[in-house]
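Hello,

I am handing over the structure below. Please open it before you read my notes.

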Amino acid sequence: MQSVGEKTYSQAVREGKYDLYVGNLFGKYDNVRTYWEDQLTRIALRPFLRELVERCRRENRGVRIVDLGCGAGQGYEILTKIDRRDLDLGLQHERVLPKEEIDLYLGLDISQAMVERGQVLFESQPEVTFAQADLREGFGPFKDREPFDIYFSSYGSLSHLNRQDLVKLLQDICEHSGNESLIVLDFLGRYSIEWPDFWFADSEDEKVRDYTMSYLYSEAVRKEVESDRFPLRFWVGSDVKDLSEELTQTCGLGVEVLKLMDRSMLVGRHTDTQEYNKQLKPIRRAVNSLHQDYLRTNLEELVIDPAIVPDHPVIAPPLRELIDSWNVVVEYCQQRLWERCSLTQLEGWDDFAKPLQFALMTIDRVIADVGWMWYGDPRANIIEPQLGYALRTLEYEMQRGRGCGHGLVAILKTQK
Ligand SMILES: C[S@@+](CC[C@H](N)C(=O)[O-])C[C@H]1O[C@@H](n2cnc3c(N)ncnc32)[C@H](O)[C@@H]1O
């Protein structure tokens, strides 16, 4: 049977990489995963989850979640830490899905090491359970359970399934689900700048490629050790729309695509490793540094050459536009720190897209407002993280869910 990365995953668990952890300069829970990827996933989910939780409240019951390829329960952390609204300075957290309103979180994973780790991490929470399951065999073993409200997955778990196995799993899920269940898919994006060689894949075979999680290890270790490789299916937005139409036709219920989101268009895991594209700079490493306390980043490392984007009628224009906007923000921040410019001196302001104007105004105000501060290191601890968030927001506002990011998140709803 084909490898599903068991060697990589059990080793990662042994080394504590799947323990729930916040922010770091590299590895599984690096700053980009924590402050960009997990947060953007939450932002994408928020309106749909809010509606679902309110419906469960009206029906006087808790929420039932199944997490497909759950690792050690990472999805639980994603789902329970979504703020109901953007917080102003005075508010405390109020979550969309408070832990007390979960009836059941069932994590399914093929890796026994992951399941055991999850059981340890959540041992004090009886509503959180784990079971070993191979999702290539469909959802059959769980069909006698009550329907779930959310059939969740995160970070490429379902890219481990080829299209045929995924269709079978989703058909089982559609049969099992109640009305208005959410299905959250999270794939590897085929049009990521990390692997331009995959962009022109045409046949089903070409959309499945060998993958490695070498990014979990430092550069020194990567050079020493030959990392495990396993096949993943890479997806684009139009594939997901075709998939939902196929499910609608074959399952006798509507499967609507509510949202598609490209996640990490310029900061994918493999920008640092250059495993699939030698022209990339280690941009993720630089962004991780932006979010690290007491560490000043060489902002030059964030500038990206738009010429590295190969020609492609659909992918190249939006990618180049994002890179151009990204560079304007980085370069403006650099100049502004050296007091060599102001917003009024920027050429082309009227032609800038609204998200770019907003990012520039944010950086300008932050630098103006904290420049006088003396405690700590305001550049490393305030300005640089804000630059990180400005770039994150730029990416989010300019993505169109085409499959141009490292991750492609798809939120689907069933309608009986
Ligand atoms: C990249 S990890 C993501 C883990 C977690 N969802 C997260 O957000 O970090 C992919 C997970 O999918 C699991 N997996 C791979 N193939 C699977 C299969 N056929 N059935 C069930 N789980 C599978 C792996 O064991 C691994 O835990």
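Here is what I found, by topic.

This is a predicted model; local features need pLDDT of at least 70, side-chain atom pairs count only at pLDDT 80 or more, and totals for chains, interfaces and linings use all residues. Residues are numbered from 1 along each chain as its sequence is written.

Domains. The protein chain is split into domain 1 (6-265 + 402-415) and domain 2 (271-398). Those bounds come from an automatic or database domain assignment. The C-alpha centres of the two domains are 28 Å apart. Domain 1 gives 23 residues to the contact and domain 2 gives 26 (contact: C-beta atoms, placed from the backbone, within 7 Å). On the domain 1 side, H2 supplies the largest share, five residues. That side has 14 nonpolar, four polar and five charged residues. Ala, Val, Leu, Ile, Met, Phe, Trp, Tyr, Cys and Pro count as nonpolar, Asp, Glu, Lys and Arg as charged, and the others, Gly among them, as polar.

Helix H9. Helices are DSSP runs (H or I, at least four residues), numbered from the N terminus. H9 covers residues 283-290, and seven of its eight residues are buried (20 or more other C-beta atoms within 10 Å of its own, all placed from the backbone). Among them are Ile283, Arg284 and Leu290. The buried residues pack against H2 (31-58), H8 (269-273) and H12 (378-398).

Ligand. The shell holds 20 residues, and the closest are Gly69, Gly71, Gln74, Ser154 and His160 (near: C-beta atom, placed from the backbone, within 6 Å). Eight of the shell residues are nonpolar, nine polar and three charged.

Best wishes

Notes:
A residue is buried if 20 or more other C-beta atoms lie within 10 Å of its own, exposed if 12 or fewer, and partly exposed in between; C-beta atoms are placed from the backbone. Helices (H or I, at least four residues) and strands (E, at least two) are DSSP runs, numbered from the N terminus. Two residues are in contact if their C-beta atoms, placed from the backbone, lie within 7 Å.
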